[in-house]
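Please read the following report alongside the sequence and the three-dimensional view. It moves from the overall make-up of the chains to particular elements and residues.

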Amino acid sequence: MIAEALQLLSLMLTGLMAAYLCRHYFFTLNVLKNSGKPRKDIASESTDFQPSVSILIPACNEEPVIGRILQRMSELTYPSDKTEIIVINDASTDATGEIAEQYAEAHSFIHVLHRNEKEGRRGKAAALNAGLKRAESEIILCFDADYYPQRNIVGQLVKPFEDPKVGAVQGRVTVLNEPKNLVTRLVALERIGGYRIDQQARDSLGLITQFGGTVGGFRRNLLESLGGWDESILAEDTDLTFRVYLEGFKICYAGNAECYEEAVENWRAYWKQRYRWSRGHMQCAFKHLFKVLRSVNLTLKQKIDAVLLLNVYFMPILVLLSWIISVPLFFLNSQPTLGIGWAAISISVYSFVGNFAPFFEVGVGAYLDGRNRAHWLISLLIFTFLYNIPICTKAFADLIVSKVSGEKSVHWDKTSHSGDGNSYIMN
Amino acid sequence: MLENVSPTMFVALAFGVVMFVLFMFLPALLELRRPRDAGPRKIVEEVSAGRKLEIASMEETEKIEVDQAIVKRISNILSALPNLEA
């Protein structure tokens, strides 16, 4: 009886995992199929559609990198009379504010908003909301302080807004400090899979394109009507993604709008970042799951994708659960409910085909990027997946504890940046 | 289940697993040892013609097109250098 119950549970978990693995294949094959066709998001710099743009750059102790992004902002090809850069100095204790002020003095379109200790340091969402109050333009774009965009990125990012149904846009992120060490190289591979394949496929298939919190933006009036960023959610970007879709708008992926970022450089920083992402994502799952299922603004395929996207950070926990279940199943040694033949077939197919799916996605992404050797590291992604299991498990446990205890405040554990990416800049 | 496995089969199975793992990670070990594509991926910028400056030699025998931003950066560096003729 117990053995059969565990077998059924194990098969259900396998079925859930297979759904995600099929999704990986579906996305990868879609991008491969479309790779030879001209992409609709390719936008050469257009002078016809040039709305006013406010670029928000939240910065808390970003002294090593703030100068680099502001220098780059001064080199943007978008008309400066239609651009305003708002640096939100979020109670920094280093020279972030001073460096930003130097650029503000040299360029009239760069402004600095200083937040003191009392009002600042309450997370990125709070900083962005402060910047939003100051912004005056039609389009709000966001960049993290460690980013280094291509100079024509603003034109690329605003072009999708010509479609009135587009409420937000997301560009592509490329890791700048990729050569630094194994962590940065593996994160770069993850980014390739996430942007080159995942986001591209979701956009092509009309699914839920995700706003990633940076290298993207919104219509200002839509953002204001949504109340800005939710300061209680750690994944404020994912939260806004679903609020945009629930409001009846869509998010467009502008794959040609590319920006370098500094990836985390050690496993401790990787833990902190992914913990924040997974806990925030789980908060969004609790907040939006039923709204998504009930929404009249989403198609059926969007609802299915939304459910899979919202629950993606629960998957490592379910994998752990399936491993735990397999131990008593092994020792109980009873006849499988569905017959040993069917069990063997399903497990074999899952293992040899299903497990291959995420690696296939990253590999195809690297191939399409012309990275002929980068994908040789793909097998090492198994270690990042294994590392994500305790991260997601802890995030879930902490979230449940906070919900039971009624604790509403969230602690934003900021990723520190070294500025070492400067040595890899090529233009 | 394990009682049906003979010692020979067990050794062969263990050897197979080890070889499989080795082959799975061999490309990664080779790339880490001698990286041939450590990145980062180069983002191609499309800079319009209006952003380019034409620089010619004194005799105007050679001309090149240079991105405005690069010229600006070089001039900023030069302006910061001490005037050696002073």
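## Overall make-up of chain A

Among the contacts in chain A with a separation of 6 or more, 85% are between residues 24 or more positions apart, where two residues are in contact if their C-beta atoms, placed from the backbone, lie within 7 Å. Chain A has 14 helices and 8 strands, helices (H or I, at least four residues) and strands (E, at least two) being DSSP runs numbered from the N terminus. Of the 427 residues in chain A, 47% are buried; a residue is called buried if 20 or more other C-beta atoms lie within 10 Å of its own, exposed if 12 or fewer, and partly exposed in between, with C-beta atoms placed from the backbone.

This is a predicted model, in which local features need pLDDT of at least 70 and side-chain atom pairs count only at pLDDT 80 or more, while totals for chains, interfaces and linings use all residues. Residues are numbered from 1 along each chain as its sequence is written, and chains are lettered from A and ligands numbered from 1 in the order in which they are written.

## The sheet of chain A

Chain A holds an open sheet of 8 strands with mixed pairing, in the order E3-E2-E1-E4-E7-E6-E8-E5, two strands being paired if DSSP finds at least two bridges between them. Strands E3 and E5 (148-149) stand at its edges with a single partner strand each, so one side of each is left without a neighbour in the sheet.

Strand E2 (residues 83-90) is largely enclosed by the rest of the structure, because 7 of its 8 residues are buried. It runs parallel to strand E1 (residues 53-59), to which 7 bridges join it, and A:Ile88 in E2(A) has A:Pro58 opposite it. E2(A) also pairs in the parallel sense with strand E3 (residues 110-115), over 6 bridges; here A:Ile86 has A:His111 in E3(A) as its bridge partner.

## Crossovers and loop residues

Two β-α-β units involve E2(A): E1(A), helix H2 (residues 63-73) and E2(A) make a right-handed one, and E2(A), helix H3 (residues 96-106) and E3(A) make a right-handed one as well. A crossover is right-handed if, with the strands pointing away from the viewer, the path from the first strand over the helix to the second runs clockwise.

A:Pro51, in the loop between helix H1 (2-34) and E1 of chain A, is partly exposed, with 13 C-beta neighbours inside 10 Å; leaving aside its neighbours within four places in sequence, A:Pro51 is in contact with A:Glu138, A:Ile139, A:Val158 and A:Phe161.

## Helix H14 of chain A

Helix H14 (residues 381-405) of chain A has 25 residues, which at 1.5 Å a residue should span 36 Å, and its end C-alpha atoms are 36 Å apart, in agreement; the expected span is 1.5 Å times one less than the number of residues. The buried residues of H14(A) are A:Asn388, A:Ile391, A:Cys392 and A:Ala395, and they pack against helix H9 (267-294) and helix H11 (315-332) of chain A. After H14(A) comes A:Gly406, with a positive phi near 80 degrees.

In chain B, the 27 residues of helix H1 (residues 7-33) should span 39 Å, and the end C-alpha atoms are 37 Å apart, which agrees. H1(B) is hardly covered, with a count of 1 buried residue among its 27. A kink of about 40 degrees lies at B:Phe25, shortly before the proline B:Pro27, the bend at a residue being the angle between axes fitted to the seven residues ending there and the seven starting there.

Between the chains, 22 residues of chain B are in contact with 30 residues of chain A. H1(B) gives the most to the side of chain B that touches chain A, with 7 residues. That side divides into 12 nonpolar, 2 polar and 8 charged residues, where Ala, Val, Leu, Ile, Met, Phe, Trp, Tyr, Cys and Pro count as nonpolar, Asp, Glu, Lys and Arg as charged, and the others, Gly among them, as polar.
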